[in-house]
Amino acid sequence: MKTKIIAHRGASRYAPENTMPAFQLANEMKANGIETDVQLTKDNIPVLIHDENVRRTTNGTGFVQDYTLQELEQLDAGAWFSETYANTPIVTLKKLLEWISPQSLQLNLEFKNNIIDYKHLENIVYEMVKEYGLLERTVFSSFNDRSIKRMQRIDPNAQTAFLTSNKMRGLTSFVQSIGASGVHVKYRVLTPQLVEECQAKNIDLRVYTVNRPAHMVRCYKLGCTAIFTDVPDIARKQRESIPADGRVKRKLPFRRM
Ligand code: G3P
Ligand code: MG
């Protein structure tokens with residue numbers, strides 16, 4: 001199976017992360033899927049934003065959880081990236097689901113609940129994904145293992161993944177013990193042994209955030225399930241350069257006749 005290419009926060013090198021332009025670009029660049037981060041507003045509406053505080057990616061200040069959706073929608077989530085994207089709003093999960101429904105993209109919803117453990121986040125998000133009939137192509141992930149366990153109780157068949165940036169002894173056993181079907185690791189955690197263990201235990205292994213061509217090629221050759229990248233166009237080009245036998249095409253040296 002070919003390693004899938006998942007656009008990290010959308011095609012976030014080229015458009016403001018977690019906004020519709022970034023998701024649309026990822027689709028145009030033929031990514032296989034989209035990864036995005038989910039938090040809850042004061043009125044319990046799931047919205048797509050990476051940080052708990054709106055300061056870095058909007059013209060506002062303060063915590064997402066202290067804004068109602070109506071207040072949050074007044075913020076500009078594009079101008080910080082470039083003037084071209086001024087007045088781009090924060091996206092609700094509902095809007096993303098409506099848009100992604102007719103596309104063939106896979107979806108990874110990352111619960112951003114390792115710092116603020118939003119009450120009922122899993123239930124609210126799960127019910128919405130279910131309502132749109134998107135459970136089969138959605139993976140729910142979190143750095144918070146309690147959240148994965150809660151998802152497991154909500155629906156033991158839901159696809160879930162534990163996120164980690166640490167080299168952990170016994171990682172795959174831990175993943176199995178919390179009932180996750182996958183593990184999402186930072187690139188530096190990736191080893192051929194981890195790939196082998198995941199394959200033996202039928203655990204999906206996805207790697208973030210892979211932006212360097214040489215790292216992409218390593219993930220492809222090792223047979224990772226997917227990579228998360230800010231540059232899905234480059235990831236596709238690199239994937240196409242790998243023939244079926246796994247050898248990377250090299251340019252022939254120029255020879256004078
Ligand atoms: O889900 C993969 C990756 O997005 C996890 O890290 O900080 O970019 O959300 P972060
Ligand atoms: Mg994320």
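# Chatting through burial, salt bridges and helix packing

Student: Quick one to start: does Asn108 count as buried or exposed?

Tutor: Asn108 counts as buried, at 3% relative accessibility. Keep in mind that this is a predicted model.

Student: Thanks! Which strand does Asn108 lie in?

Tutor: Asn108 is part of strand 5, which covers residues 106–111.

Student: And which residues is Asn108 in contact with, leaving aside its neighbours within four places in sequence?

Tutor: With those set aside, Asn108 contacts Ile34, Glu35 and Thr36, then Val139, Phe140 and Ser141, and also His184 and Phe228.

Student: Nice. Switching to Gly33, where is its place, and is it buried or exposed?

Tutor: Gly33 sits in strand 2, residues 33–40. Its relative accessible area is 1%, so Gly33 is buried.

Student: What does Gly33 touch, not counting residues up to four places away in sequence?

Tutor: On that count, Gly33 touches Ile5, Ile6 and Ala7, together with Leu105 and Gln106.

Student: How are Gly33 and Asp230 separated, along the chain and by C-alpha atoms?

Tutor: Gly33 and Asp230 are 197 residues apart along the chain, and 12 Å separates their C-alpha atoms.

Student: Let's do Gln193 and Pro243 too: how many residues apart are they in sequence, and what is the C-alpha to C-alpha figure?

Tutor: Gln193 and Pro243 are 50 residues apart in sequence, and 23 Å apart in space, C-alpha to C-alpha. As for its setting, Gln193 lies in helix 7, residues 192–201, and counts as exposed at 52% relative accessibility.

Student: Okay, charges next. How many salt bridges does a search of the whole structure find?

Tutor: The search turns up 10 salt bridges. As background, side chains of opposite charge can pair when their charged atoms come close.

Student: Which residues are linked in a network of salt bridges?

Tutor: That would be Arg9, Glu17, Asp51 and Arg56, which salt bridges link in a network.

Student: What about Lys94, which side chain does it meet in a salt bridge?

Tutor: Lys94 meets Glu98, at 3.3 Å from N to O. Both belong to helix 3, residues 93–100, and they are four residues apart, so about one helical turn separates Lys94 from Glu98. Lys94 is partly exposed with a relative accessible area of 41%, and Glu98 is also in the partly exposed class at 45%.

Student: Then Arg150: what does it form a salt bridge with?

Tutor: Arg150 pairs with Glu122, and their closest N and O atoms are 3.0 Å apart.

Student: Are Arg150 and Glu122 buried, partly exposed or exposed?

Tutor: Arg150 counts as partly exposed at 25% relative accessibility, whereas Glu122 is buried, with a relative accessible area of 3%.

Student: One more pair: what does Glu240 form a salt bridge with?

Tutor: Glu240 bridges to Arg236, with the closest N and O atoms 3.3 Å apart. They are four residues apart in helix 9, so about one helical turn lies between Glu240 and Arg236. Glu240 counts as exposed at 52% relative accessibility, while Arg236 is partly exposed at 22%.

Student: On to packing. At what angle do helix 3 and helix 4 pack?

Tutor: Helix 3 and helix 4 pack at about 25 degrees, with their axes 10 Å apart. Angles under 35 degrees count as roughly parallel, so these two helices are roughly parallel to each other. Helix 3 passes helix 4 in a right-handed crossing. Leu93, Lys94 and Leu97 of helix 3 make the contact with Val125, Met128 and Val129 of helix 4. The residues of that contact divide into five nonpolar, no polar and one charged.

Student: And at what angle do the axes of helix 8 and helix 9 cross?

Tutor: The axes of helix 8 (residues 213–222) and helix 9 (residues 232–240) cross at roughly 55 degrees and come within 10 Å. Helix 8 and helix 9 are therefore oblique to each other, and helix 8 passes helix 9 in a right-handed crossing.

Conventions:
Residues numbered from 1 in each chain as written. Chains lettered and ligands numbered in written order. Predicted model: local features only at pLDDT ≥ 70, side-chain atom pairs only at ≥ 80, totals over all residues. Heavy atoms only, no water. Axes fitted to C-alpha atoms, helices over the stretch in contact; angles between N-to-C directions. Parallel < 35°, antiparallel > 145°, perpendicular 65-115°, else oblique. Left-handed = near helix turned anticlockwise from the far one by under 90°. Salt bridge = Lys/Arg side-chain N within 4 Å of Asp/Glu carboxyl O. Buried < 20%, exposed > 50% of the residue type's maximum accessible area, 1.4 Å probe, protein only. Contact = heavy atoms within 4.5 Å. Nonpolar A, V, L, I, M, F, W, Y, C, P; charged D, E, K, R; others polar.
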